[in-house]
Structure formats: structure tokens, C-alpha cells
Amino acid sequence: MLLLLSTVVFLFAFATARNTARKVSQPNVKFLGENNLFITNQTVSKLLIQNRQGVKNMLKETLDLNELEQSLNSNPLIKSAEVYVSVNGTLNADIEQKTPLARVSTNGSYYIDDEGLFMPLSSNYSARVPLVTGHVEKNNLKSIYKIAKKVDSDEFLKKSVIEIHQNSKGDIFLRLRRCDFVVKLGTIEFLDKKINNLKVFYKKNLKENTLSRYSKVNLQFDNQVVCTKI
């Protein structure tokens, strides 16, 4: 019995030592979710660096997985990253990329992601999202984010809205696809009610083929749609 126990302990220690001494192979990068176009496998592999040395052929015991994860998560195109080493020595990185809701085009160009945060443009892919123009500050995206989130979650708005504009007073305007008029929302207060009023106006005038008669649709007043004709 003692001999059997000693043998088991020896084999376990041997396997553990062998596994620890195993060298890490070429990183295996896996992208999660649907938004996998902004950062490439090659870029992620380059980010998997420790002490300015490639992780390939390093011993498993010398890897600092937390440091590697922090390196990946510091990339502004990555929402989250999980790094781990499999038993056979493969270094794995599961990557979730950020999701852009709108593209700001003012003094600088960048995306607003689905958490209302800054997201840089990608050289690999340009997202088809509404353009944001006017007076927009990177450290004050609350109003624009709320509008962009509403547009993304609403089927009609997602198909129709091509531009979100904010003037110097903070008033919000929308431009719709294949429409010449501008929609004035004003502030983001009572946003759902304003959007419902817009839908009623749009549906009615689309049916009557009269959308082209207007230059401005003002929704900022409670329970009113004030239209300016051309």
C-alpha cells in the first residue's frame, strides 16, 4: 500500500514538473461575439508580449497571465480578454471586441461604443453607424450616447438615422435616410415620447407621399410635432 502511494505521488510530481517545463506554443486567438472586424489575429499576437520578449517557446511557469491580459485589455478596441494556457502548452486568448454605436466626426474622428466610451477608428474596418457632428466633447458624451443607444435598439431609427448633430446649446438634431428635412429633438428629455411622435409623423406622411414637403420637423415641444414646409 505504501509502495503504491509512493508511486502515485512520484508520477504526479513528475507530470507536474513536466507540464510546468513545457514550452508555450504559438498563441491561439479566438474572437467572441459578432464584432470581429476591428482588430486582427496578428495584432492580438503582437500584444501578447512579456518583458519585450515573445511568449512563444517560453516556459509555462515563467508566464504572467494577468500581465498578458492587462496588455490586451489596455487596447481601446478590446472590450475584454481572457488569457490561459492549455495542458499541451497552447497559449489561448479569448477576445471580445468593442461594439461601436456612432462615429464622431468633429475636431477628431472616433467611435462611441455600446458603453458610451471612446473607441478609436480601425484601419481594418469602418462600421456603418450614424455620423455624429457639431459640438461634441470626448469627455461629455452622455447625451449623444443616449441618442445613439436609442437609435441602435430601435428598428425604425436604425434603418433611418444617418446623422446625429448637437449644436453649441446642446440641442440634438437627426437626419434621416432619403429625407431632406431635419428633425429637432431638442434635449434628451421625454425621448421615447418624441421618437413615437416622429414615427407617427413619418408613417402618415410616407403613406400620403408628403415627406418631401418639409424642411424641418420640430419635436421639442410636449405632445406636438411642429413642421416647417419648404
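Me: What strand order does the open sheet of three strands have?
Reply: The order is E1-E5-E4, and the pairing is mixed. Strands here are DSSP runs of E with at least two residues, helices are runs of H or I with at least four, and both are numbered from the N terminus. Two strands count as paired if DSSP finds at least two bridges between them.

Me: Before going on, what kind of model is this?
Reply: This is a predicted model, in which local features need pLDDT of at least 70 and side-chain atom pairs count only at pLDDT 80 or more, while totals for chains, interfaces and linings use all residues. Residues are numbered from 1 along each chain as its sequence is written, and side-chain values use heavy atoms, with hydrogens and water left out.

Me: How many bridges join E1 to E5, and do they run parallel or antiparallel?
Reply: Five bridges join E1 to strand E5 (residues 91–97), and the two run parallel. Asn 28 stands opposite Asn 92 in E5.

Me: Which strands does H3 lie across?
Reply: H3 lies across E4 and E5, and runs at about 155° to E4.

Me: Which residues of H3 are buried?
Reply: In helix H3 (residues 65–73) they are Leu 68, Glu 69 and Leu 72. Buried means under 20% relative accessible area, exposed means over 50%, and partly exposed is in between (1.4 Å probe, protein chains only).

Me: Why are those on the same side of H3?
Reply: Because Leu 68, Glu 69 and Leu 72 cover an arc of only 100° around the axis. The arc is that of the directions from the helix axis to the C-beta atoms. An α-helix has 3.6 residues a turn, so residues three or four places apart point the same way.

Me: And what is exposed on the other side of H3?
Reply: Asn 66 and Gln 70.

Me: Changing topic. How many residues are in the largest nonpolar core?
Reply: There are 34, and those with the most contacts inside this core are Ile 147, Ile 164, Phe 181, Val 183 and Leu 185. A nonpolar core is a set of buried Ala, Val, Leu, Ile, Met, Phe, Trp, Tyr and Cys residues joined through side-chain atoms within 4.5 Å.

Me: What does Phe 181 touch?
Reply: Leaving out residues up to four places away in sequence, Phe 181 touches Arg 175, Leu 176, Phe 201, Leu 211, Tyr 214, Ser 215, Lys 216 and Val 217. Contact means heavy atoms within 4.5 Å.

Me: Where is Ile 195 found?
Reply: In helix H6 (residues 191–207). At 2% relative accessibility, Ile 195 is buried. Setting aside neighbours within four places in sequence, Ile 195 is in contact with Lys 150, Leu 157 and Leu 185.

Me: How far apart are Ile 195 and Lys 150?
Reply: They are 45 residues apart in sequence and 9.3 Å apart in space, C-alpha to C-alpha.

Me: Next, charges. How many salt bridges does the structure hold?
Reply: Eight. A salt bridge is a side-chain nitrogen of Lys or Arg within 4 Å of a carboxyl oxygen of Asp or Glu.

Me: How do Asp 154 and Lys 199 meet?
Reply: Their side chains form a salt bridge at 2.6 Å, N to O. This pair links distant parts of the chain, with Asp 154 in the loop between helix H4 (142–153) and helix H5 (155–160), and Lys 199 in helix H6, 45 residues apart.

Me: Is Asp 154 buried or exposed?
Reply: Asp 154 is buried, at 11% relative accessibility, while Lys 199 is partly exposed with a relative accessible area of 28%.

Me: Which residues are linked in a network of salt bridges?
Reply: Lys 79, Asp 114 and Glu 115. The side chains of Glu 115 and Lys 79 meet at 3.9 Å, N to O.

Me: Last one: how many helices and strands does the chain have?
Reply: Six helices and 14 strands. Buried residues make up 38% of the 230 residues in the chain.

Methods:
Axes are lines fitted to C-alpha atoms, for helices over the stretch in contact, and angles run from 0 to 180 degrees between N-to-C directions.
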